[in-house]
Amino acid sequence: MTHIVVDPVTRIEGHLRIEAEVENGLVSSAWSSSTMFRGIEIILQGRDPRDAWAFTQRICGVCTTVHAIASIRAVEDAIGAVPPPNARVLRNLIMAAQCVQDHVVHFYHLHALDWVDVVSALSADPAATATLAQSISDWPESSPTYFAGIKARIKAFVDRGQLGPFGNAYWGHPAYKLPPEANLLAVAHYLAALEWQREFIKLHAVLGGKNPHLQSFLVGGMATPVDPSSQAALNIHTITMLRKLIEGARAFVSRVYIPDLLAIASFYKDWAGHGAGVGNYLVYGEYPMTEGANAPRYLPSGVIRNRDLSKLEPFDPGKITEQITHSWYKYAGGDDTALHPSVGETHPTYTGPKPPYDRLDTAAKYSWLKSPRYDGQPMEVGPLARMLVAYVSGHAQVKTLVDGALGKLGVGPEALFSTLGRVAARGLETQLLVDKIGDWVEELAGNMDKGDLRIHDTDRWDPSSWPKDAMGAGFHEAPRGALGHWVHIKDGKIAGYQCVVPSTWNAGPRDSRGQSGPYEAALLGTPVADPEQPLEILRTVHSFDPCMACGVHVVDAKGRELARVQVR
Amino acid sequence: MREPTRSEPANDRIPLLVLGLGNVLCTDDGAGVVALHRLRRAWAMAEGVVTVDGGTLGLALLPMVERAERVLMIDAVRGDGPPGTPVRITGDDVAPAVYERLSPHQIGVADLLGGAAMLGRYPSAVVIVGVVPASVDLGFERTPAVEASLPGLVTRVVAELTAMGFPPTPLVAGALQERNLDDAARALGF
């Protein structure tokens, strides 16, 4: 038996470490651990709840908007503020734009290199690549000259030894299946996506101010004035600019991302048989279509259990708990209890080995993540969960998109419960959102026409209007999945705060009953061709879009280090 | 919309981009961001200088970096010497440094510079100035040694700006340059 450790060195948000045992070429056991403590809850104690979003926005460098949204929603829930329609629409625009940009960046810049061999692209024939590109899309940049130029650019990087983002990977690994031309096409679009995403994210600058950390959030609404005739507000020119950016996004997603996704997936259909995971899916719902807590969402909430697509349960926030049996925390009432986040505790108690170490004691506590459970069960969250819940609920556009993709790949709905299903669902959600987001721009324009310029519920701004003691919950579907913030406000100050983030749902450790978290379950049965280059493990972990990439070192069963490779 | 926090040249190029980097929730990791905000409060930037609180953002900063002729990054940098020791990195040392010596919380900076290089828009000069951190554990305050080093860090940034031909002008002592303070920074109390 070979023991593999995929140890995150450094990444955007935290550190993820995967330990896996491989028997007869298949993963037989896996453990997921976060090795970095995050305790925003502690820092927020005693602060003004109206400022909480400015702190939570700094939790993560890739998810700034999502923690701001969840935080202001939690506080609004506690104090009873109801944002007016313009604020809801602006938030929908900001959230959808974040999701679209994040998904494209994930596909091309964080995940594609698990499937695309950059070195193989160097032996591609540019003319044949052009033929391939033109056969899957009418995207105009598809000439032999264009692909020859890209090839020369990549070759120059390789020759100078300046691989940069391409530097740490398993080029030549037998699990890479794409022909050289498909590899070159994907690398060309890696660069095109880099150009496109930095153009598209200007949408955030338009709506959130010039600072890269959005400044326009406000408990009760938004801080950005809306006025069609004012230079200092979101106005007619803003609407024109938003329409243009969204048109560009639709073009890129429909004509580049989706064709690439389907073309690459067609070479990796075996991955529809790997990475299934826990088979339970949880969605809080997102993109409210009207005002108020019970507004219908464009992407509905719901729960699916045991891969049963014939049944959709309503989401009940009261069924969420967090356990710490295998997490480096203490609960006052005992470590095997399960606590609802509204009464959650964050008492760090590290009992793991002193770093650097070879193995974690996975029989004991082994992660800084808690184990979130819904009705006692582990749940997968994220784009796949959202697409499944929408599909089962009969969402017409989602049904069309999902059935269309399954038809093109010639696979049935059961293929969705897989690593490939996760990758596909992310792309389909991106398409869904770029098709929808324009409606919100028109809603905003319509409100301006009607003279409805309200942007903020000011009735609840003053703390004297708040209850002495109030609890609130803020739910959001972040790009990576269901995100919840819970706040307890007492005498105008934060008395308690808990965040349950998507990567905790997906990457959390085993619970008190020994049930694996989604990453741990998804890795079971994953084939590993070469334990020194565990590319296949990364494919499944990356399919969840963890907010961190990893460095890998591989040890044999005695804990002796065989190789150390940093990967993304 | 809010008043821009910088004066941009007409041709959309940024002659000098100053980036404060790091996670302000992780004690000394936030040293660069705090130094940036203190710089803004005490000094008026010369024409052509854009100052940005980059936090732990990665590719989201690409629209600025690719327009920048020079980039000055302020950050906590692992290095020899006790906490608070000044560090300066330039030229060929920058690329390995962003992979190995910046804090774990901002590997996005490597993606950022890699992306600019891939697009053929790597700035002509990149300089990192910073201090050696004592701790990057959770915590909103800087450790005493690093806190004590921050005035020196701001002074070094001013010297770098001056050496690059963009000398800033001191603001009247104690006068907050409100327009340069964003809401979040105000809430965070830098």
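Start by selecting I18(A) and S32(A): I18(A) stands opposite S32(A), which belongs to strand β3(A). What you see is a predicted model, where local features need pLDDT of at least 70, side-chain atom pairs count only at pLDDT 80 or more, and totals for chains, interfaces and linings use all residues. Residues are numbered from 1 along each chain as its sequence is written, chains are lettered from A and ligands numbered from 1 in the order in which they are written, and side-chain values use heavy atoms, leaving out hydrogens and water.

Now widen your selection to strand β2 (residues 16–23) of chain A together with β3(A): the two pair in the antiparallel sense over 8 bridges. Strands pair if DSSP finds at least two bridges between them. Strands here are DSSP runs of E with at least two residues, while helices are runs of H or I with at least four, both numbered from the N terminus.

Where do β2(A) and β3(A) turn around? They form a hairpin with 2 residues between them, and N24(A) in the turn has a positive phi of about 50°.

Next, colour β3 (residues 26–34) of chain A by accessibility. Of its 9 residues, 7 are buried; buried means under 20% relative accessible area, exposed over 50%, and partly exposed in between (1.4 Å probe, protein chains only). While you are here, remember that in a regular strand the side chains alternate between the two faces of the sheet.

Move on to A425(A), which sits in helix α13 (residues 419–450) of chain A. Is this residue buried or exposed? A425(A) counts as buried because its relative accessibility is 2%. Leaving aside residues up to four places away in sequence, A425(A) touches P383(A), L384(A) and M387(A), where contact means heavy atoms within 4.5 Å.

C99(A) is buried at 2% relative accessibility, and C499(A) is buried at 9%. A disulfide is a pair of cysteine sulfur atoms within 2.5 Å, and the count over all chains is 0.

Finally, colour chain B by pLDDT, the predictor's confidence in each residue, from 0 to 100. Chain B averages 84, and 82% of the residues score at least 70. Within chain B, helix α5 (residues 144–163) has the highest mean, 98, and helix α6 (residues 183–188) the lowest, 58.
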